[in-house]
Amino acid sequence: MNLQPDRLTPLTAQERAELKITDMRFCDIDTMPKRCTLIKVYTNAGIVGYGEVRDAATKTYAAMLKSRLLGENPLNVDKLFRRVKQFGHHSRQGGGVSGVEVALWDIAGKAWGVPCWQLLGGKFRDKIRVYCDTDVDGKHTGHDMGLALKRRMDMGFTFLKMDLGIGLLINEPGTLTAPLGFLEEMKTYGKHSVNAPHGSMEISQMSHKAYEINTVGHPFTGIRITEKGLDLLENYVKECREVIGYDVPLAVDHFGHICVEDTIRFAKRMEPYNLAWIEDVAPWHYTDHYVRLRNSTTMPICTGEDIYCKEGFEKLMKAGGVSVIHPDVLTAGGMLETKKIGDLAYEYGVMTALHMAESPIGAMAAVHVAAALPQVIAMEFHSADVPYWQDIVNGLPKPLIQEGFITVPDAPGLGIESLNEEFISTLICKNIPGQWEETSQWDGDICNDRLWS
Ligand SMILES: [Mg+2]
């Protein structure tokens with residue numbers, strides 16, 4: 001581990017001209033609550049850029065970019081992004097390219113002595129509203145969820161989101177129709193997908209029968225919700241609203257595993273409860289399903305946390321399939337690409353929120369992008385129950401989230417002064433040991449990257 005303090009003073013013109021990427025290293029920490037893969041991109045001038053691979057992904061997605069970036073000037077962020085863009089893909093696979101792009105912006109900000117939002121075109125606001133994800137484990141009622149949401153409001157949050165899935169119905173007789181035996185298989189092998197997904201993905205969840213069950217697309221499960229099931233879900237949301245009232249926005253996430261026709265029935269039932277949006281009720285790539293859904297309900301329809309780069313967002317927005325997008329900076333292609341996605345959404349009149357389930361590094365990347373877009377309503381936060389979440393970084397206001405908002409920093413780059421290496425050493429993922437171990441095995445990993453002959 002390199003114990004030299006990272007340089008924070010801006011570079012001279014000559015230093016900027018001669019700046020080069022010299023190394024890229026990683027550190028996997030756990031219980032944030034998800035596993036977070038932190039990135040450091042080192043330079044010959046002592047400046048180190050901080051980035052992060054998307055939550056619960058793998059550093060391989062970033063490490064394979066190292067040989068493509070070594071020796072390059074990190075200030076040419078867009079040039080380097082275009083070189084490695086082809087090695088990213090949707091969902092977690094976007095995490096390598098996106099996380100490295102964030103680290104390059106952090107270097108650029110530190111080298112010029114300006115915050116990242118300034119490099120993205122300036123800011124529209126000084127504070128970013130944070131919406132707080134909430135789930136309740138085990139069998140519970142809408143009243144219980146309402147109380148959990150109320151506790152978030154008591155913490156200062158002004159925008160709420162909760163999980164609502166068929167996990168609530170799966171043990172209630174007469175609420176779901178499915179090919180006989182399939183629900184039992186889901187309960188045995190697909191717990192992660194039918195209940196609120198939190199924590200990190202274990203290999204047992206992505207292998208053998210569990211892989212098969214977890215990767216059945218929503219239209220292909222054969223699961224239908226009965227009227228009794230819809231009654232139960234409607235009553236759940238009604239009970240939530242009875243606790244928190246109707247003044248505060250409430251979004252709903254993680255509803256799926258059913259055909260688009262049943263998502264329409266669900267959406268119509270939700271209309272009286274003025275939800276901010278329903279999220280990812282269909283896989284994002286079925287554009288036609290989204291158009292049918294959006295044209296069938298007054299409920300705002302949201303997706304986007306698994307879409308890599310602006311092309312996928314534009315297709316959905318052009319078709320009229322979404323009312324709200326919520327890209328994750330660490331999947332969408334990084335900070336500049338998310339800015340471009342947000343600008344497109346502004347043109348299409350599509351509300352924009354930012355998905356974020358990562359460490360303070362990912363959070364600050366989202367803060368700078370949210371500051372630089374005209375229409376971002378809020379960014380997500382998954383770690384309200386992790387009291388030490390912020391302690392891995394130094395130099396940010398404490399607590400970072402005050403009365404439900406994060407103040408946009410003025411310090412160079414992401415605004416993070418340094419990483420708290422001592423504290424990080426207590427969170428190292430037990431299955432992925434090491435703290436900024438050397439990665440020279442990736443230095444010569446190269447092939448003909450040209451996509452044509
Ligand atoms: Mg979500």
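Mentor: Welcome! The model is predicted, so local features need pLDDT of at least 70, side-chain atom pairs count only at pLDDT 80 or more, and totals for chains, interfaces and linings use all residues. Residues are numbered from 1 along each chain as its sequence is written.

Trainee: What makes residues 310-319 helix α14?

Mentor: Helices are DSSP runs of H or I with at least four residues, strands are runs of E with at least two, and both are numbered from the N terminus. Residues 310-319 are helix α14.

Trainee: Which residues of α14 are called buried?

Mentor: Lys 310, Gly 312, Phe 313, Leu 316 and Met 317 are buried. A residue is buried if 20 or more other C-beta atoms, placed from the backbone, lie within 10 Å of its own, exposed if 12 or fewer, and partly exposed in between.

Trainee: Why do the buried residues line one face of α14?

Mentor: Seen down the axis, they fall within an arc of 160° (taken from the directions from the helix axis to the C-beta atoms), so they line one face. The face turned away carries the exposed residues Glu 311 and Lys 318.

Trainee: What do the buried residues of α14 pack against?

Mentor: They pack against α13 (287-295), β11 (324-325) and α16 (335-348); contact means C-beta atoms, placed from the backbone, within 7 Å.

Trainee: Where do the domain bounds come from?

Mentor: They come from an automatic or database domain assignment, which gives domain 1 (13-113 + 419-442) and domain 2 (127-418).

Conventions:
Two residues are in contact if their C-beta atoms, placed from the backbone, lie within 7 Å.
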